Amino acid sequence: MVFIVPFILIAYAVLYALAESVLPIADSQEQRQLLLLQEPTIPSPSSRFQQSLDDWIQDEEEIALDRLLANIAPNGKNVADAAPGSVIASPSREHPDYYYQWVRDAAITISTLVELYAEDPYDDLSSKLLRIVQDYADLQAKIQHVDNISGRYDDLSGLGEPKFHANGSAFNGNWGRPQRDGPALRALALMAFVRAYNASHPSLWASNERDKFFKPLYNPVLPVDSTIKADLEYTSHNWRYPGFDLWEELPGLHFFTAMVQHRALTEGAALAAAFGDPGAAAWYTLQAHSIQATLLPSFWSPQKHHLIETLDAPSRSGLDCAILLGALHGTSKSPTRSPSPYPPHAPEVLLTLLAFIRDQRARFPINSDPDTGAETENPDILAGVALGRYPEDRYTGYATAPDGGNPWFLCTAAAAEILYRTASYLTTTNSLHISPLSAPFWSHLLNSTGSELEGTYEAGTPVFEAAVSALRGAGDAFVRTVGRYTGRRGGMGEQFGRVTGEGRGARDLTWSYGAFVMVGRARRGR
Ligand code: NOJ
Ligand code: NOJ
């Protein structure tokens, strides 16, 4: 025994070290068993979090930011041959090949970096981030002009193209195109940059350097010759038309897409007004109102009591992590800038979250298998559940297969972010209103019976305080779930296996790291 124990420990240490770079895929039952034997890479929550959760999150945020930056050219170590300013989805060049710049992934990533820049524009990190964002902005201006299978620049149809090669050239393979969330997300990233840069260079606006800096980003002239305005024109003229969803599989009208389009046009109207473009401001406002009044309400299903991601998609339940992402990315953190129809704390979003968690908990074996660390002794489904994209998902991370569909890091993190942001909403408004609609969520969270809870609770009342701490606790449980499946050195790919929790799909996914950075911020109320 004395000899065996150290041997086992060494063997484990070696396997841990290997596991992250060469995560094998278990195809057969036999291989899976072998994996289980070789790879106790999923430590129990207690051993994983011997450090406090706070310390672990702090470490992991640093790792996540580091690895995210490694996927951005020109200085990222994984992307030496990519055009400056390109944000690569993952360094994985085969099985699967994610060595491309997706407009969506890149824009979401840059929005995160702009948030970090805005917070402290003069520190060392920020000077690095500023260069990255400027390179990104320059490259996007070029990419908008690249003819591609979705179309061209002169009528703006080419802006619906979802992905480009690392060098900025068009990708000419078969793909789910167009995808109409990309231009809206890019406009949001660049508008945030305009605001942040303007705030950190207060004399610029009144100086004669102003045009040189801002004109390539926003210029009122038509035909369009500036990046943000091109994206806003595209969005305002195309939101009624179907396109592929963010998962690149289903054509139609989608909640996620409509939410980010609505936000882009609302913020776009304010930006247009600031740039002396009142006609555009009125047009963007009109279109945003129209999305809010005519399109967005149709995603609520009174029969199902939750939002659905895609209209007229009978093969789908409609439950989808994209709804969480739509609430997060479609909602400004400054509510006065653009009020959101479905912010994270909206009753409809919280009910959808609850229904989605219920589904995913039952769907994935790791969510009820004590060997993989699921907290089975706690029957509370808000106790942290690994979440995937949507119930009918068959994507393994490499191909589509009948036993595909795994939990995703960014979806599990999105649940935590919704919960934290709801807690922050309560503590900034100092009031919790529980309506008949939202009662099922709050009664689940507070372990109480629905109708008893209806009412309004001010800060300081027991119900209010219990709600805030339960939201934070539930958020922490989802972050712990993310932590449980994170690689030993802090690595996060796209997915983790539904049965044993091993890493699956593209390694070092830029978006997974960005989602983690965002959840850490949301936990601190940022
Ligand atoms: C790759 C896409 O990016 C992914 O979202 C999709 O699920 C698979 N292809 C299968 O269509
Ligand atoms: C597949 C995801 O479904 C899609 O949303 C993403 O843009 C690409 N992978 C790249 O990460």
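**Packing, ligand and disulfide**

Q: Which residues does tryptophan 442 touch, leaving out those up to four places away in sequence?
A: In this predicted model, Trp442 touches Leu350, Thr422, Leu426, Leu432, Ile434, Leu453, Ala467 and Leu471.

Q: And which residues touch the most other members of the largest nonpolar core?
A: Trp442 is one of them, together with Leu113 and Trp247. That core holds 139 residues.

Q: Changing topic, how many residues surround ligand 2, and which are the closest?
A: There are 13 residues around ligand 2, and the closest are Arg104, Asp105, Leu246, Trp247 and Arg389.

Q: What classes do the residues of that shell fall into?
A: Eight are nonpolar and five are charged, while no polar residues are found around ligand 2.

Q: Which atom of leucine 246 lies 2.7 Å from an oxygen atom of ligand 2, backbone or side chain?
A: It is a backbone N or O atom of Leu246.

Q: How much of the accessible area of ligand 2 does the protein cover?
A: On its own, ligand 2 has 290 Å² of accessible area, and the protein covers 98% of it.

Q: How many disulfides are there in the whole structure?
A: The search finds one. It joins Cys321 to Cys411, with an S to S distance of 2.3 Å.

Q: Why is the disulfide of cysteine 321 and cysteine 411 left-handed?
A: The torsion about its S-S bond is about -80°, so the disulfide is left-handed.

How values were computed. Residues are numbered from 1 along each chain as its sequence is written. Chains are lettered from A and ligands numbered from 1 in the order in which they are written. This is a predicted model: local features need pLDDT of at least 70, side-chain atom pairs count only at pLDDT 80 or more; totals for chains, interfaces and linings use all residues. Side-chain values use heavy atoms; hydrogens and water are left out. A nonpolar core is a set of buried Ala, Val, Leu, Ile, Met, Phe, Trp, Tyr and Cys residues joined through side-chain atoms within 4.5 Å. Buried means under 20% relative accessible area, exposed over 50%, partly exposed in between (1.4 Å probe, protein chains only). Contact means heavy atoms within 4.5 Å. A residue is near a molecule or strand if one of its heavy atoms lies within 4 Å of it. A polar contact is a pair of N or O atoms within 3.5 Å; within protein, one must be able to donate a hydrogen and the other to accept it, and residues adjacent in sequence count only if both atoms are side-chain atoms. Accessible areas come from the Shrake-Rupley method with a 1.4 Å probe; for residues, only the protein chains shown count as cover. Ala, Val, Leu, Ile, Met, Phe, Trp, Tyr, Cys and Pro count as nonpolar, Asp, Glu, Lys and Arg as charged, and the others, Gly among them, as polar. A disulfide is a pair of cysteine sulfur atoms within 2.5 Å.
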